[in-house]
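The following exercises are intended for a reader who is new to this structure. Each task is followed by a solution in steps.

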Amino acid sequence: TSRTSARIIKEQSLCIRQLIEDLNLTSKLEYQSCPLRITTFYPAALLRQTAADFMNQNPDGPWEIRVTCSPAFSSAQIDADVQLIARVFKNLIGNSIRHNPEGCSVHIIASMTESDRSCSILFTDDGTGIPRRVLRILTQETETQRETPLKSQNASPENQPHIMGLKIVKQIVNAHGGKVDFFPEPGAQTSSPDTCGTGCR
């Protein structure tokens, strides 16, 4: 029907717009031309609000999002770019939902180290996990590897993994002086065989 066609066109337009925004952002972060707009805010409140927004957008969806914050993290304030940190939270939660259309449980655990006041946030889900080939790209360290991640002469673009969202997460956290660790798909060297995810410090 015409209504269905209009909806599909709208969704495709939004996807294209998001892709363009992601490309612009990752390029700016790559070349350090994205100045950080530092403000003071409560990361726990931002994290809970982001999770609540996803649940409100999908009230009947097959996903569950739980947020567990330590008392120290709940009362802590940090100095960072709130919009970029919100983007990290959105990308990680959205990644779990997007790649598990049949449903999954997302658990986010946030804590703060009293000694140096550093934050640690672990995003996990019991879904399909992050494929090994995506992990290999995300953990490559040399410039040459980043320029040609897992590409071969016989590889077609549609067969290449899409890592834009996770790459942006890594770039944003690094820009704030933090570190990101990506854990593999379920059953592949994780502390729990049914858990996979991303840790940000």
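From the N terminus on, the order of elements in the chain is α-β-α-β-α-β-α-β-β-α-α-α-β-β, with helices (H or I, at least four residues) and strands (E, at least two) taken as DSSP runs and numbered from the N terminus. The model is a predicted one, in which local features need pLDDT of at least 70, side-chain atom pairs count only at pLDDT 80 or more, and totals for chains, interfaces and linings use all residues. Residues are numbered from 1 along each chain as its sequence is written, and side-chain values use heavy atoms, with hydrogens and water left out.

**Exercise 1. The chain as a whole**

Task: State how many helices and strands there are in the chain, and what percentage of its residues is buried.

Solution. Step 1: The chain has seven helices and seven strands.
Step 1: Of its 201 residues, 37% are buried; buried means under 20% relative accessible area, exposed over 50%, and partly exposed in between (1.4 Å probe, protein chains only).
Step 2: Take the contacts between residues at least 6 apart in sequence: 72% of them join residues at least 24 apart. Contact means heavy atoms within 4.5 Å.

**Exercise 2. Helices α4 and α7**

Task: Determine how α4 is oriented relative to α7, and which residues make the contact.

Solution. Step 1: The axes of α4 (residues 82-98) and α7 (residues 164-175) come within 9 Å and cross at roughly 150°. Axes are lines fitted to C-alpha atoms, for helices over the stretch in contact, and angles run from 0 to 180 degrees between N-to-C directions.
Step 1: Therefore α4 is roughly antiparallel to α7; angles under 35 degrees count as roughly parallel, over 145 as roughly antiparallel, 65 to 115 as roughly perpendicular and the rest as oblique.
Step 2: α4 and α7 cross in a left-handed manner. A crossing is left-handed if the near helix is turned anticlockwise from the far one by less than a right angle, and right-handed if clockwise.
Step 3: From α4, the contact involves Leu84, Ile85, Arg87, Val88, Asn91, Leu92 and Asn95, and from α7, Gly165, Leu166, Ile168, Val169, Ile172 and Val173.
Step 4: By class, the contact of α4 with α7 comprises nine nonpolar, three polar and one charged residue. Here Ala, Val, Leu, Ile, Met, Phe, Trp, Tyr, Cys and Pro count as nonpolar, Asp, Glu, Lys and Arg as charged, and the others, Gly among them, as polar.

**Exercise 3. Helices α2 and α4**

Task: Describe the packing of α2 and α4, giving the angle and the distance between their axes.

Solution. Step 1: Helix α2 (residues 43-57) and α4 pack at about 40°, and their axes are 10 Å apart.
Step 1: α2 and α4 are therefore oblique to each other, and their crossing is right-handed.
Step 2: Pro43, Leu46, Leu47, Thr50, Ala51 and Phe54 of α2 meet residues of α4 including Val82, Ile85, Phe89 and Ile97.
Step 3: The contact of α2 with α4 contains 11 nonpolar, two polar and one charged residue.

**Exercise 4. His107**

Task: Is His107 buried or exposed, and which residues does it touch?

Solution. Step 1: His107 is located in strand β4 (residues 104-113).
Step 1: Because its relative accessibility is 17%, His107 counts as buried.
Step 2: Residues up to four places away in sequence aside, His107 touches Arg66, Thr68, Leu122, Phe123 and Thr124.
Step 3: Polar contacts join the side chain of His107 to that of Arg66, at 3.4 Å, and to that of Thr68, at 2.9 Å. A polar contact is a pair of N or O atoms within 3.5 Å; within protein, one must be able to donate a hydrogen and the other to accept it, and residues adjacent in sequence count only if both atoms are side-chain atoms.

**Exercise 5. Asp79**

Solution. Step 1: Asp79 lies in strand β3 (residues 78-81).
Step 4: The side chains of Asp79 and Thr40 form a polar contact of 2.5 Å.
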